[in-house]
Amino acid sequence: MADGCDCDRNALIYQTVDAALTLGLSIAHPVDNTESLPLQQAIGRVLAEECYSKVDMPAFDNSAMDGYAIRTGDLDEGTEFELPIGGRMAAGDSGMHNAPLDSALRIFTGAPVPTEFDAVLMQEDCSVIADRIRFSRRPKPGQHIRRTGEDLQVGAQILSRGCEITAREAAVLASSGHGRVKVYRKLRVTIFSTGSELREPDEVLGPGQIYNSNRYMLLALLNKPWIDLTDCGQIEDAPKLLKRVLEEACETSDLIVTTGGVSVGDEDHMPRLFKEIGGETDVMKVAMKPGKPIMFGRRGDALYVGLPGNPVSAYVTWQIIGSHMMARKAGLSHTQPESEQAVLAEPLQRHAGRQEFRPVRIEGKSSDGTPQLRCLAASYSGRVALLAQSDGLAVIPAEIAHLPKGHRIEFLRFNRLF
């Protein structure tokens, strides 16, 4: 919790975005259970151990090119050279050969380079006549040879715990001899949407009803190999039902994510219900736009994140705060949003007071290659179509009311967020 703040007082004040994120990360204690899996099954999971290379990489001197291995000491002075081809070496060969002295060895990329050969001549740099090669450029010792251990030496650290095992991590684990790795168990996440007005996309809408876009947005956002997801769908605004579903989720999940019902209206039941089941609220309001009504807290080992009901607000608050709490809970070491610099393609006028995350579209680049951003509509918290048309979020400081065209601004690309 924030220094000196109890839950009741926290619920009455607005946290800054940075303070809310810092607090959220501090209560998102990583799961501590791990499992050992074959590397093939561990792809996409979160690594739970430091990994060190079991072999030198490469494990032996090998050729970086298709060409001819030679002994530079065999070459006479001059500018024209000729050597007989005394043997052949391909990838997978043992490195043993019968090539006589003063001869070249036909060699292919990845093939072992025998100890006495100290350079590889690219096949493009020589001509072949019968069983001899001719070339006019004297190679330097070590040329086109990948030396043992030049990438990694045995015992060198290759990965730290907390990384997601994606293609690059899987490649280095395999290359360094890791057939099994220790990963954190999957994060158990439960989601549901509150609201009696919500209907599924294939249903006929009645008066006052809307389609439940938040459910499918969360299903997409949480579709990760390191998550075990339970989808409870839509829950009506019936306090007894909501309380039962919320309590059951807290008993079985590491993280519960809901949309709607976290503001101060008569049908916003979640804050009261969470308290009634023994939950401790850490944040109720954040000084951000969109997404002011966000709530998160704890009940036992379960973490609860209550997002706004408006779809853009739900998406933004999840990306800026909720997703990073989830990542920390899952054991990932990198949990901060990644931003870059961009410039405004047009002036921006707004009401100061809250840090804003405005959906923007990239429209070209400035003279120095910086992306130029065009802000979409000023009122957008419920306009999910605008979200689909956006490339990311412009981050506007709380105290700023006007920014001129060309002003540099922080930019969060959607494809760099969780």
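In the predicted model, strand β14 (residues 187–194) pairs with β17 in the parallel sense over seven bridges; pairing requires that DSSP finds at least two bridges between two strands. Ser 193 lies opposite Gln 234 of β17. Helices (H or I, at least four residues) and strands (E, at least two) are DSSP runs numbered from the N terminus. Local features require pLDDT of at least 70 and side-chain atom pairs pLDDT 80 or more, whereas totals for chains, interfaces and linings use all residues. Residue numbers start from 1 along each chain as its sequence is written, and side-chain values use heavy atoms, without hydrogens and water.

Both strands belong to an open sheet of seven strands with mixed pairing, ordered β1-β19-β21-β22-β18-β14-β17. The edges are β1 (14–15) and β17 (227–235); each has a single partner strand, so one side of each is left without a neighbour in the sheet. Helix α8 (residues 311–330) packs on this sheet and touches β14, β17, β18 (255–259), β19 (280–286), β21 (293–299) and β22 (302–307), contact meaning heavy atoms within 4.5 Å. The direction of α8 makes about 170° with that of β22; axes are lines fitted to C-alpha atoms, for helices over the stretch in contact, and angles run from 0 to 180 degrees between N-to-C directions.

Helix α2 (residues 17–27) packs against α8 at an angle of about 20°, the axes being 9 Å apart. The two helices α2 and α8 are therefore roughly parallel (angles under 35 degrees). The contact involves Val 17, Ala 20, Leu 21, Gly 24, Leu 25 and Ile 27 of α2, and Ile 320, Ile 321, His 324, Met 325 and Arg 328 of α8.

Definitions and conventions
Angles under 35 degrees count as roughly parallel, over 145 as roughly antiparallel, 65 to 115 as roughly perpendicular and the rest as oblique.
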